[in-house]
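Have the sequence and the 3D view open as you read.

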Amino acid sequence: MSYDPPRPAGRLLLTPEDREAPARVRRLHRLGLAQRPEPALDDFADRLAELAGTPYAMVNFPVESGQFFAGLHVTDPAPAGAGDGTGPVFGRVQPRDHGFCPHVVARRKALVLEDVRDYPRFAGNPVVDAFGIRSYLGAPLIDSTGTVLGTVSAADVRPRPWGKAGLETIKATAADLMTRLERCAGDGLPLL
């Protein structure tokens, strides 16, 4: 099972290689995650968007076909013309090279981008033009086995001075969700 397209000679690989993908996908299936949208994770994303004051918030699980947002908050109407017939729609599935969550997964630690245009590696990401994403805040969901299952993240259409408070908030949010996910899965309870 391959997760990374071949890299043309001489071209910088912008999306990091995902060496843990097969183990993660097996773990997600065992936990019953990343197979369908989850209303409880949508609610979680709604609360995260409210807490962060952003138009986008996600609970993202990287899967074989790209990224799957089992929890998703998108402001309605979405910024930058998305969803009004003049631009793309931010849906539950994105290619692996769209967005910044794959970098969080590969790094295994939070990522704070106050203005994505300040970072050449991130400024050319497709979500910058397609959805007007200008700032990003994300943290990994690391389970008790040490597997990075996915991410929680918030994104805005304007630069944001997230600072240390933003970093601590997203890390605490990820830890809280991971505790809830494992407790529910371990007890056979409905998600959250």
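Of the 192 residues in the protein chain, 49% count as buried, where buried means under 20% relative accessible area with a 1.4 Å probe, protein chains only. A word on provenance: this is a predicted model, in which local features need pLDDT of at least 70 and side-chain atom pairs count only at pLDDT 80 or more, while totals for chains, interfaces and linings use all residues. Residues are numbered from 1 along each chain as its sequence is written, and side-chain values use heavy atoms, with hydrogens and water left out.

The protein chain exposes about 9300 Å², and carbon and sulfur atoms supply 54% of that; the areas come from the Shrake-Rupley method with a 1.4 Å probe. Taking contact as heavy atoms within 4.5 Å, residues 24 or more positions apart make up 65% of the contacts with a separation of 6 or more.

**The sheet**

There are 6 helices and 6 strands in the protein chain, laid out along the sequence as α-α-β-β-β-α-β-α-α-β-β-α. These are DSSP runs numbered from the N terminus: helices are H or I with at least four residues, strands are E with at least two.

Strands β1 (residues 56-63) and β2 run antiparallel and are joined by 8 bridges, with a hairpin of 2 residues connecting them. On its other pairing, β2 meets β3 (residues 93-94) over 2 bridges, again in the antiparallel sense. Here are some of the partners if you want to click through them:

| Residue | Bridge partner | Strands |
|---|---|---|
| F61 | F68 | β1 and β2 |
| V63 | G66 | β1 and β2 |

β2 (residues 66-74) is mostly covered, with 8 of its 9 residues buried.

**The cores**

In soluble globular proteins, nonpolar side chains tend to be buried together. A nonpolar core here is a set of buried Ala, Val, Leu, Ile, Met, Phe, Trp, Tyr and Cys residues joined through side-chain atoms within 4.5 Å. The largest one has 28 residues, and V59, F61, L141, V152 and L177 have the most contacts inside it. α2 (39-52), β1, β2, β5 (135-142), β6 (148-156) and α6 (163-187) each supply at least two residues of this core, and α2 gives the most, with 6 residues.

Leaving aside neighbours within four places in sequence, V59 is in contact with residues including L41, F44, F68, L141, V152 and L177. A second, separate core has 18 residues, among them F69, F100, C101 and F131.

**Cysteines**

C101 counts as buried because its relative accessibility is 3%, and C184 likewise at 5%. How many disulfides does a search of the whole structure find? The search gives 0, a disulfide being a pair of cysteine sulfur atoms within 2.5 Å.

Notes:
Buried < 20%, exposed > 50% of the residue type's maximum accessible area, 1.4 Å probe, protein only. Pairing = 2+ DSSP bridges.
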